[in-house]
Amino acid sequence: MNQARVAGYEVVSRQDFSDVTFLLEVQHPQLARAARPGQFVIVMASEHGERIPLTIADYDRERGTVTLVIQAVGKTTREMQRDCRVGTRLVALVGPMGVPSHIGKARKVLCVGGGLGVAPVYPQARGYKESGAYVIGILGFRNRDLMFWEDKFRATCDELIVCTDDGSAGIKGLVTEGIRLAISKHRDIDECVAIGPPVMMKGCAEATRSSGIRTIVSLNPVMVDGTGMCGGCRVKVGETVKFACVDGPDFDGHLVDFDDLMFRLQRYRATELAATERFNENCRMRSLTGQPVVAE
Ligand SMILES: Cc1cc2nc3c(=O)[nH]c(=O)nc-3n(C[C@H](O)[C@H](O)[C@H](O)COP(=O)(O)OP(=O)(O)OC[C@H]3O[C@@H](n4cnc5c(N)ncnc54)[C@H](O)[C@@H]3O)c2cc1C
Ligand code: FES
């Protein structure tokens, strides 16, 4: 019998870490085979949806799945939070994109994740561990309720430092406190990988600068095509301009112009807020009428 191929990529599991952060495990054997630490995908959750970049937070070649960890911050991510349930399908999932992280010959490494950045730094921690390095994980969250994947990191890292802003778990303070603690204990750290909000990565780069520890950050500028054509994701790194989608997203944190990155991330704020407003209004109408509202 000639069976029609079902379009899209099935969500095979979902986990909600908090009110805003959730995990989707998606069936895509080809992508799971090809994925490397540091790479990302471009996702279209629905036919008329926006294309958004998301980091491959994990991949399982045997199960043929990739894992995405998503923070619902605006229209598209909130739509995904609402609609992407087990058994539903993402319309498009393109990748792996970006240059894989360079897991070199470092012997002792800091893997630092702040908030959502904890997810994308996990494949790097595992990659370093597999390469034989001594891995010190440093995870930062605003409070205990927002924590996730502590167990995965404990199973992978040789040491783990958890930091919370309010001291409800681990040490009280930002991940930069954790970095200072690790540097004071270990004088022989070769490398640091830091992933999280730009302001956090900037702080990490400053915390390692005087010790001369090579520091890699994963940049998240607004991306449009993801192929190096539109220039939307350009970032300043030292004296050069790079496109994060094809030259990165990993760059030398001591050379990145973080202020320029943060300025550029704000440029579409008014449009993004308007789209979120429309989304909220549609949700409100839907809950009143019980019917989906089609008005974008
Ligand atoms: C390489 C890369 C990897 C990323 N990985 C993850 C991830 O693993 N999990 C996750 O939750 N988020 C990730 N992001 C950010 C994610 O793409 C945005 O949060 C998402 O596009 C927001 O869309 P929205 O419509 O929900 O929100 P909007 O209201 O449209 O935007 C909210 C904020 O998200 C950022 N943003 C918006 N559109 C884009 C875009 N097209 N490209 C990049 N950033 C955008 C801007 O900072 C914006 O202010 C990544 C971004 C990049 C560049
Ligand atoms: S997203 Fe267009 S050049 Fe990178």
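I count a contact when heavy atoms lie within 4.5 Å. With that in hand, I looked up the contacts with a separation of 6 or more in the protein chain, and residues 24 or more positions apart account for 65% of them.

**Ground rules.** I am working on a predicted model, where local features need pLDDT of at least 70 and side-chain atom pairs count only at pLDDT 80 or more, while totals for chains, interfaces and linings use all residues. Residues are numbered from 1 along each chain as its sequence is written, chains are lettered from A and ligands numbered from 1 in the order in which they are written, and side-chain values use heavy atoms, with hydrogens and water left out.

**Whole chain.** I found nine helices and 17 strands in the protein chain; these are DSSP runs numbered from the N terminus, with helices being H or I of at least four residues and strands E of at least two. Of its 296 residues, 50% count as buried. Here buried means under 20% relative accessible area, exposed over 50%, and partly exposed in between, with a 1.4 Å probe and protein chains only. The accessible surface is about 14,800 Å², and carbon and sulfur atoms hold 51% of that. Those areas come from the Shrake-Rupley method with a 1.4 Å probe, and for residues only the protein chains shown count as cover.

Next I traced an open sheet of three strands, which has the order 4-3-8 and antiparallel pairing. Two strands pair if DSSP finds at least two bridges between them. Strand 4 (52-55) and strand 8 (92-97) are the edges, each pairing on one side only. From one strand to the next the twist averages 30°; angles run from 0 to 180 degrees between N-to-C directions, and axes are lines fitted to C-alpha atoms, for helices over the stretch in contact. Strand 3 (residues 40-44) runs antiparallel to strand 4, and four bridges join the two. I noted Pro53 of strand 4 as the bridge partner of Ile42.

**Val41.** Is Val41 buried or exposed? Val41, which sits in strand 3, is buried, with a relative accessible area of 0%. Leaving out residues up to four places away in sequence, I see Val41 touching Leu31, Ile52, Pro53, Leu54, Ile56, Leu68, Leu93, Val94 and Gly95. Thr55 is 14 residues from Val41 along the chain, and their C-alpha atoms are separated by 6.2 Å.

I then followed an open sheet of five strands, in the order 5-6-2-1-7 with antiparallel pairing. Strand 5 (58-60) and strand 7 (89-90) are its edge strands, each pairing on one side only. Seven bridges link strand 2 (residues 21-27) to strand 6 (residues 65-71) in the antiparallel sense, and Thr21 stands opposite Gln71 of strand 6. Helix 2 (residues 75-83) lies across strand 1 (9-16), strand 2, strand 6 and strand 7, and runs at about 70° to strand 2.

**Helix pair.** How do helix 5 and helix 6 pack, and at what angle? Helix 5 (residues 175-185) and helix 6 (residues 198-209) pack at about 20°, with their axes 9 Å apart. That makes the two helices roughly parallel, since angles under 35 degrees count as roughly parallel, over 145 as roughly antiparallel, 65 to 115 as roughly perpendicular and the rest as oblique. On the helix 5 side the contact is made by Val175, Thr176, Ile179 and Ile183, and on the helix 6 side by Met200, Gly203, Cys204, Ala207 and Thr208.

**A hairpin.** Strand 15 (residues 234-237) and strand 16 (residues 240-243) pair antiparallel over four bridges. Val235 has Lys242 of strand 16 as its bridge partner. The hairpin has two residues between the strands, and Gly238 takes a positive phi near 60° there.

Most residues other than glycine have a negative phi, and most peptide bonds are trans. I therefore listed what departs from that.

- The bond from Gly95 to Pro96 is cis, with omega near 0°, and Pro96 lies in strand 8.
- The bond from Gly248 to Pro249 is cis too, with omega near 10°; Pro249 lies in the loop between helix 7 (244-247) and strand 17 (250-252).
- Trp149 is not a glycine, yet has a positive phi of about 65°. I place Trp149 in the loop between strand 10 (134-141) and helix 4 (150-156), and at 7% relative accessibility Trp149 counts as buried.
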